Structures are given as C-alpha cells and as structure tokens.
Amino acid sequence: MLAVFRRELKAYFVSPIGFVFVGFFILIAGVFFAISNLLQGNPNFTGVLSSLTFVFLFLVPILTMRLLTEEARQKTDQLLITSPLSITGIVVGKYLAAVGVFVITLIITLLFPLIMSFYALLGLGWWEILGGYIGFLLMGCAFISVGLFFSSLTDNQLIAAMYTFAALLLIWILDFVAQSVPSTVGSGVVFLSLLAVALVALVYFSTRNVPAGVVTFVIAAAAVILLYFLARGIYNGLIARILGWFSLVKRYGDFSLGQLSLSPVVYYISFSGAFVFMTVRMIEKRRWV
C-alpha cells in the first residue's frame, strides 16, 4: 500500500494534475479570503471554507479522474490485479495519495488565517478555524472517495470526471430537494420500494448471482410490507429523512461553528469507507471477467 501511495503521490506532481488542483484551489481560496476577510475586516475565516465547498465540487473530479481510469486505459490494471499486492492495498494507496494532495493544499491555505492573526485586534477564533478545517478535511475525503469509485467504472477520464461531478452535485442539492419532497405515507412507500429495487439491482450486477438477487428482493419486499402494516407512521416524511441522512454538506455546519461531535466524524469516515469498499469490489469483479 505504501508503495502505491508514494507512486501515485509522485505521479500527481509529475503530471500537471496536482499543480492544477493545488494552484486553482489556492487561487479561489485567496480570492474569497481577500473579499470576505481582508476587504471587509472580517475575522471569520470559516466563511471562506464554507464557500469553498461548492468550488470543491469542480476540483474533486480533476483530482480523482485518473486514479483508476489510467490503469484501465493503459491496460495495466490486470498487472495490478495479479500482483502480490492486495486489491484493497492498491485502492487504499491510490485513495490516500489523492487525500495527500488535498491535505497539502489545506496546509498551504493555513497561511491565510496566519496572515489575519497579525492584524486581528481581538484575536481569531482559532477553535472555530480548527473545527472548520477538520470538517472540511473529512468532507473532502468523502468527496474524494466518490470520485475514486467512479474512476473504477470506466477507462475514460472525462467520463469519470463527469460522473463524479454529477454525483457530487446531487449530494450537494439533497438539502434543497428534501425541503420540497412530499411527506405522505404513500410517497414514502413508493420511495422505499424504489430503493429496494435499486438494492436488488446493485446486488445482482455486483455478483451476477440470480439466487442472491432473488433473496435480496424477497427480504426487501418483506421489509417494505411489514413496515407498512406494523409501523406505518415511519413512512411519514421518510423521503426527507433519507435524503437528509445522505447529506454531506449539512453535517459540515457544526464544524464551521467550532463544534466537534462524534456523529458527523463517524458518518464521514463511514461514508468514505463505504465508497472505498465498493471500489475494491468493482476491481475484484474484473479479476473474474
């Protein structure tokens, strides 16, 4: 894993991708810093980080689009699959390399609050800034895991970037969608049924095993029906609750206020781990194709 990590981290700065990501991120952060803090005399730097979350949607595809697509395009993915390294080690090494570039970028942006500290008369809210950075790092790692997964689905970097951006944009607007979705029992039943169908499709296409798909369908259908007759009230507002559960941006709010709690930390780590795991499964499936 460490060998893969070093190789991929070096590859970012041998090619223009690493410099483009770091340079563009710092440029936009500098513009937000100048407008929000320097020109207005505002010591709240967490507002800059909050503004950067949307810009990050455009930068993550650049950072992750080559992680696994490059191996597939150059036909070296089979060599990696059959190498002594485990697939999990390969995927985690590539993921940590992308996270490493992101961490380097965040460390450079620490210059902005340090500059403010020399001129702030009342002092900076360093705990809020620290919380904002921790939250932004965790959310960024979750975004990168999404890009890693979509880079495993194709051998075309542009397509991987487009898939990643579309997925992250969907995650970004979940909070707005959740406010306008219906909250009736019927809509909740339909939505949960669609999720059950999606789960069955995921199991089948991941395993190509008909019995596994049938068992998953029976269990999912039974769960939907039993919930309807035994706990019908759970379907009220179910769509909004599920969409809110998948929201990555909403959980960043506490960090921006300097509030560190275990729940969002565990969520971000679990979210990242789930997408890394799915990526491993996608690569392992190629071994038997």
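Begin by selecting Tyr 268, which, leaving aside its neighbours within four places in sequence, is in contact (heavy atoms within 4.5 Å) with residues including Gly 135, Leu 138, Met 139, Ala 142, Leu 248, Arg 251, Tyr 252 and Phe 255. This is a predicted model, in which local features need pLDDT of at least 70 and side-chain atom pairs count only at pLDDT 80 or more, while totals for chains, interfaces and linings use all residues. Residues are numbered from 1 along each chain as its sequence is written, and side-chain values use heavy atoms, with hydrogens and water left out.

Colour the chain next by pLDDT, the predictor's confidence in each residue, from 0 to 100; the mean for the chain is 83, and 90% of its residues reach 70 or more.

Now select Phe 45, Phe 56, Phe 136 and Tyr 268, the residues with the most contacts inside the largest nonpolar core, which has 61 residues. Such a core is a set of buried Ala, Val, Leu, Ile, Met, Phe, Trp, Tyr and Cys residues joined through side-chain atoms within 4.5 Å, where buried means under 20% relative accessible area, exposed over 50% and partly exposed in between (1.4 Å probe, protein chains only). The largest share of this core, 13 residues, comes from α8. A second, separate core of 11 residues includes Ala 178, Val 189, Phe 191 and Ile 242.

Which residues of α12 are buried? Select Gly 213, Thr 216, Ala 220 and Val 224 to see them; they cover an arc of only 65° around the axis (taken from the directions from the helix axis to the C-beta atoms), which puts them on the same side of α12. On the other side of α12, Pro 211, Ile 219, Leu 226, Phe 229 and Leu 230 are exposed.

Finish with aromatic pairs, meaning rings of Phe, Tyr and Trp (its six-membered ring) with centres within 6.5 Å, whose planes count as stacked under 30 degrees apart, edge-to-face over 60 and tilted for the rest. By this rule the count comes to 26. Phe 45 and Tyr 133 form a stacked pair, 6.1 Å centre to centre with 15° between the planes, and this pair links the loop between α2 and α3, where Phe 45 lies, to helix α8, which holds Tyr 133, 88 residues apart. Both Phe 45 and Tyr 133 are buried.

Key: Helix = DSSP H or I, 4+ residues; strand = E, 2+ residues; numbered from the N terminus.
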